[in-house]
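The exercises below ask the reader to find features in the structure and then to follow a worked solution for each.

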Amino acid sequence: MAKLRLILGDQLNTRISSLSDVEKGDLIVMAEVWDEATYVRHHKQKIAFLFSAMRHFARQLEEAGHAVRYVRLDDAGNTGSLFGEVTRALKEFDADGIITTECGEWRLACDIKHWAEKLGLPVEIREDDRFVSTLREFRDWAGDRKTLRMEFFYREMRRKTGLLMDGNDPEGGEWNFDTENRKSLPKGYKSPARKTVQHDSVTKEVLTLVENRFGDHFGSLADFRYGVTRDQALRELDSFIETCLPDFGAYQDAMATGEDYLNHSLVSAYLNAGLLLPMEICEAAEEAFREGHAPLNAVEGFIRQIIGWREYVRGLYWLKMPDYAETNYLNSQRSLPAFYWTGDTDMHCISEAVRNTQEHAYAHHIQRLMVTGNFALLAGIKPQEINEWYLIVYADAYEWVQLPNTHGMAIFADGGMMGSKPYAASGAYINRMSNYCKSCRYAVSQKTGDDACPFNYLYWDFLDRNEKKLRKNGRMGLVFKNLDRKEEDEMTAIRDSARKFLDAL
Ligand SMILES: Cc1cc2nc3c(=O)[nH]c(=O)nc-3n(C[C@H](O)[C@H](O)[C@H](O)COP(=O)(O)OP(=O)(O)OC[C@H]3O[C@@H](n4cnc5c(N)ncnc54)[C@H](O)[C@@H]3O)c2cc1C
Ligand code: SF4
């Protein structure tokens, strides 16, 4: 008998495990449902990207001869939930089982687990083999290790994939070339121009739908640039390898006013939705190195993000959920300031990061980590509120990848499962890595007072407030030594400035 094969919005690849043995007579079900589009108030571009990519993928499957039941958001009878749409499809299609690939969020995974019982039909949930590491491999690697450091997991992934390996040794004799990265931008540096995507009638229709139905969600559709097919995603990848990869490593941590992408790849939304696969991206980067087009520090740094960080956060998420999301190690209780939504703040670094986020549903890693993330950490924003913000505002955000990055890496709410110490920094870091401070109303050179950069006094106030929990961290020794050197009247000024600023938020 025939199977119903459910494809979720982030599973848009013909090589997805749920389609590996698809047969004539099976029905592929895809649905735009209200519940998924609104369980958080996703950025308009995130919804538009996914709906348009889903519609294009469904068409591709139909053209390949498959039977597809595609339910649009506004179709009559749309129940608004995935379970409702599967139930409705089963009324019209006689299936003896459902096949799907495991989803990317704990919330939905818990729901799907009960479908077999509710429907009285077998539901086969297949492993998502779009990743380099299986979840079992990660669990075995984690074993009873006291600390789960990405760097060691990454080396395993290099050995497993053979990427940038010279026999049993890493290419160039080192596993990690980050010491050659992290440069600030040379004066007048202009990043390479990006290819633009021509939108077809499908995308135009979706953009109208999103404006009409989700008009009050965060973000603007005015500069929607996402590709929505695999071919378009591949073209963006080629263009990145050709023009941006050579400088990717050097300027990976840099930021500049008006430079929304710098040399970053912009592949995350495609990768997480299935339009691109991790190994094809890494192999293209490795080839650029082998051909002498891009240096080792850039290519190693790039590949590490994908087979290292990306795989690692996924493993950590599924290993630690659901308790992971509930931790609040630093007992952060402050509400999310309104400027995370409006960008309306005198802190130029934050208004730039929020502007980029509003306009493109994108910000690059250092904007996410060292600007909006760093501020949330220093100001003690409630984990739930800042986590939800990150899940809403980025086109690449799914909980499996967003949560460890925000909850763990950015705000240290997990107490150090993900990172060995908090990524806390004063204005000096932002000033070193960007030109933001030149256009800011605050003075990065001032430590306290109304005109001082808030990151400066918030940084020391953060260490002071959290001393009991952080001083014992071996990697924080030096910063606490510096805190100890501060005179009492300086500490009083820091505490006063921080209190005044935070009270006014
Ligand atoms: C607070 C915070 C929240 C984040 N939320 C998300 C998210 O919701 N979704 C998401 O995909 N990434 C997230 N990241 C990781 C990273 O910032 C984005 O993957 C990256 O900015 C996407 O842009 P890019 O494709 O141009 O990346 P590049 O800088 O070009 O990097 C290449 C690829 O490496 C992968 N990568 C790099 N760093 C990470 C990382 N820390 N974790 C997982 N993958 C990584 C991504 O797939 C990315 O596309 C977050 C990071 C932080 C600090
Ligand atoms: S001075 Fe401070 S607030 Fe202003 S841009 Fe620099 S780091 Fe940001």
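This is a predicted model: local features need pLDDT of at least 70, side-chain atom pairs count only at pLDDT 80 or more; totals for chains, interfaces and linings use all residues.

**Exercise 1.** Work out how many nonpolar, polar and charged residues make up the shell around ligand 2.

*Solution.* List the residues that surround ligand 2, which are Met347, Cys349, Gly427, Ile430, Tyr436, Cys437, Cys440, Tyr442, Val444, Cys453 and Phe455. Sort them next by class, with Gly counted as polar and Cys and Tyr as nonpolar. The shell then comes to ten nonpolar residues, one polar residue and no charged residues.

**Exercise 2.** Describe how domain 1 and domain 3 meet, from the bounds of the domains to the contacts across their interface.

*Solution.* First mark the domains, which are domain 1 (2-126), domain 2 (135-197 + 227-320) and domain 3 (339-503). The centres of domain 1 and domain 3, taken over C-alpha atoms, are 39 Å apart, and the contact takes twelve residues from domain 1 and 15 residues from domain 3. Next consider the area: about 1,100 Å² is buried between these two domains, with 56% of it on carbon and sulfur atoms. Of the area that domain 1 buries against domain 3, Val40, His43 and Lys46 supply 44%, more than any other three residues. Then look for contacts across the interface of domain 1 and domain 3, where there are zero salt bridges but eight residue pairs in polar contact. On the side of domain 1 that touches domain 3, helix H2 (residues 44-63) gives the largest share, three residues. By class, that side of domain 1 has four nonpolar, four polar and four charged residues.

**Exercise 3.** Say what sets the backbone apart at Pro322 and at Arg182.

*Solution.* Start from the general rule that most residues other than glycine have a negative phi and most peptide bonds are trans. The peptide bond from Met321 to Pro322 is cis, with omega near 5 degrees, and Pro322 is placed in the loop between helix H12 (296-320) and helix H13 (339-342). Arg182, a residue other than glycine, has a positive phi near 60 degrees, and its place is the loop between strand S7 (169-170) and helix H8 (201-213).

Terms used
Residues are numbered from 1 along each chain as its sequence is written. Chains are lettered from A and ligands numbered from 1 in the order in which they are written. Side-chain values use heavy atoms; hydrogens and water are left out. A residue is near a molecule or strand if one of its heavy atoms lies within 4 Å of it. Domain bounds come from an automatic or database domain assignment. Contact means heavy atoms within 4.5 Å. Buried area is the accessible area (1.4 Å probe) that two parts lose on being put together, summed over both. A salt bridge is a side-chain nitrogen of Lys or Arg within 4 Å of a carboxyl oxygen of Asp or Glu. A polar contact is a pair of N or O atoms within 3.5 Å; within protein, one must be able to donate a hydrogen and the other to accept it, and residues adjacent in sequence count only if both atoms are side-chain atoms. Helices (H or I, at least four residues) and strands (E, at least two) are DSSP runs, numbered from the N terminus.
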